[in-house]
Amino acid sequence: MDKDRILIVRCGEVALKGMNKPYFERMLTERIGKRLKASGFSADVKRHEGLIFVRYNHEINTDAIAGEISKVFGVASISPAVEAKSDMDDIGRVAVDFMNTLIAERGVKTFKVEAKRADKNFPIESPEIARITGAKVLVGCKVLKVDVHNPDVKLYVDLRHDGSFIYADKISGFGGLPLGTNGKGLVLLSGGIDSPVAAWMMAKRGMLIEAVHFHSYPYTSPRAQEKVEELARIVASYCGNFKMHVVNLLPIQEEIVKNCPEAETTIHVRRFMMRIAERIAAECNAMMLITGENLGQVASQTAEALVVTDASVNLPVMRPLIAMDKFDIMAKAQEIGTFETSIEPYEDCCTVFLPKHPTTKPKLSKIQESESKLDVEALIEKAFESREIIDIKA
């Protein structure tokens, strides 16, 4: 394969990992390679001196391959680049060709050169590399002028021992950490706006995810579950394929309504959800539970309610959205592509048997007293055994 195009991939936070940096770089390189292969791109992915280089041929669309890489957590930015030998004559020649292409494609009129000398043995320092390159571009590209304050293009020269790279664009990635560097979590995935964003945010921190979804069929429709499956597929487009455990919560909800005070219904339902999720987490080796709860958003998300909910399980509960403004959560949902699906008007199990006046400051002792009227373990076991497991693929 004629690998005559190149992308420079920068690692962002990975670069701060000290002694563990090679491990994170290796994981990120593997993730990029796997994503490109799964997306049908043939490319050579290698890391070198703190950067990752992706080489591919002219048949592959640069925007398409860069778009796939930008979704890999751990990637800070991507630059389509051209290569030159590490001598000033070749750098100047390649820079002139590069700028002439930008003039033809974008109508560029002004530019500025910024240089970085990674090879400290090279006899010319960075400011002088920039000055010499700029002078050669002015000679070779007659229509261009230098503008150091507001140029149409910043021309970057990255000079290294075994070759130099010239580029102009920096395509932003999501940053974060490579998937698989921070264990696995089980997300309680609903059809709302919040939980898909919570799953995405934990995956961005390097955590592999699995999901559990609760429904109340026939009070909730099959179309409502299809909506959640679509949300899961969107999340999977960032974090890879995963399993979603689907549990019918209706038998438990009916027992709660028959035996517990109406105002406590929501809290009891949440505690059962957490217990079932904990059972599933133990089976799939998830280290923690993940929810989209946001402090004070609804009655079950007051500080008191969250404390009572957490008391039902031993696993830690991660709530990445806990202090976020709702509008910020909505903006993030729009950014990652889940918002339009989340707002489709289908039923949610949490709205079934919703009390008119739910308790907002529950006491654990009272909740436990009410639960004593239920066969908690039998209800959990039945729900756990009757679940459906769906393979979610991006």
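Colleague: Let's start with helices: how close do the axes of α5 and α6 come, and at what angle do they cross?

Modeller: Bear in mind that this is a predicted model. The general idea is that two packed helices are described by the angle between their axes and the distance between the axes. Here, helix α5 (residues 194-204) and helix α6 (residues 222-239) have axes that come within 10 Å and cross at roughly 15°. Angles under 35 degrees count as roughly parallel, so α5 is roughly parallel to α6.

Colleague: Is that crossing left-handed or right-handed, and which residues make the contact?

Modeller: α5 passes α6 in a right-handed crossing. From α5 you get P196, A199, W200 and A203, and from α6 there are L231, V235, Y238 and C239. By class, that contact of α5 with α6 has eight nonpolar residues, no polar ones and no charged ones.

Colleague: What about α1 and α2, at what angle do their axes cross?

Modeller: Roughly 130°, with the axes of helix α1 (residues 21-38) and helix α2 (residues 62-70) coming within 9 Å. That makes α1 oblique to α2. The crossing of α1 past α2 is right-handed. If you want to pick out the contact, look at I32, R35 and L36 in α1 and at I65, E68 and I69 in α2. The class count for α1 with α2 is four nonpolar, no polar and two charged residues.

Colleague: On to charges. How do I read a salt bridge, and how many are found in the whole structure?

Modeller: Side chains of opposite charge can pair when their charged atoms come close. A search of the whole structure turns up 29 salt bridges. Take K184 and E210, whose side chains meet at 3.1 Å, N to O. K184 sits in strand β10 (residues 184-188) and E210 in strand β11 (residues 208-215), so this pair links distant parts of the chain, 26 residues apart.

Colleague: Which residues are linked in a network of salt bridges?

Modeller: R270, E293, D310 and R319. Start from R319 and E293, where the closest N and O atoms are 2.5 Å apart. R319 lies in the loop between β14 (317-318) and α10 (326-336), and E293 lies in the loop between β13 (288-290) and α9 (303-310), so the pair ties together parts that are 26 residues apart in sequence. Both R319 and E293 are buried.

Colleague: And what is the N to O distance between R319 and D310?

Modeller: The side chains of R319 and D310 meet in a salt bridge at 2.7 Å. R319 counts as buried at 12% relative accessibility, whereas D310 is partly exposed, with a relative accessible area of 27%.

Technical notes
Residues are numbered from 1 along each chain as its sequence is written. This is a predicted model: local features need pLDDT of at least 70, side-chain atom pairs count only at pLDDT 80 or more; totals for chains, interfaces and linings use all residues. Side-chain values use heavy atoms; hydrogens and water are left out. A salt bridge is a side-chain nitrogen of Lys or Arg within 4 Å of a carboxyl oxygen of Asp or Glu. Helices (H or I, at least four residues) and strands (E, at least two) are DSSP runs, numbered from the N terminus. Buried means under 20% relative accessible area, exposed over 50%, partly exposed in between (1.4 Å probe, protein chains only). Axes are lines fitted to C-alpha atoms, for helices over the stretch in contact, and angles run from 0 to 180 degrees between N-to-C directions. Angles under 35 degrees count as roughly parallel, over 145 as roughly antiparallel, 65 to 115 as roughly perpendicular and the rest as oblique. A crossing is left-handed if the near helix is turned anticlockwise from the far one by less than a right angle, and right-handed if clockwise. Contact means heavy atoms within 4.5 Å. Ala, Val, Leu, Ile, Met, Phe, Trp, Tyr, Cys and Pro count as nonpolar, Asp, Glu, Lys and Arg as charged, and the others, Gly among them, as polar.
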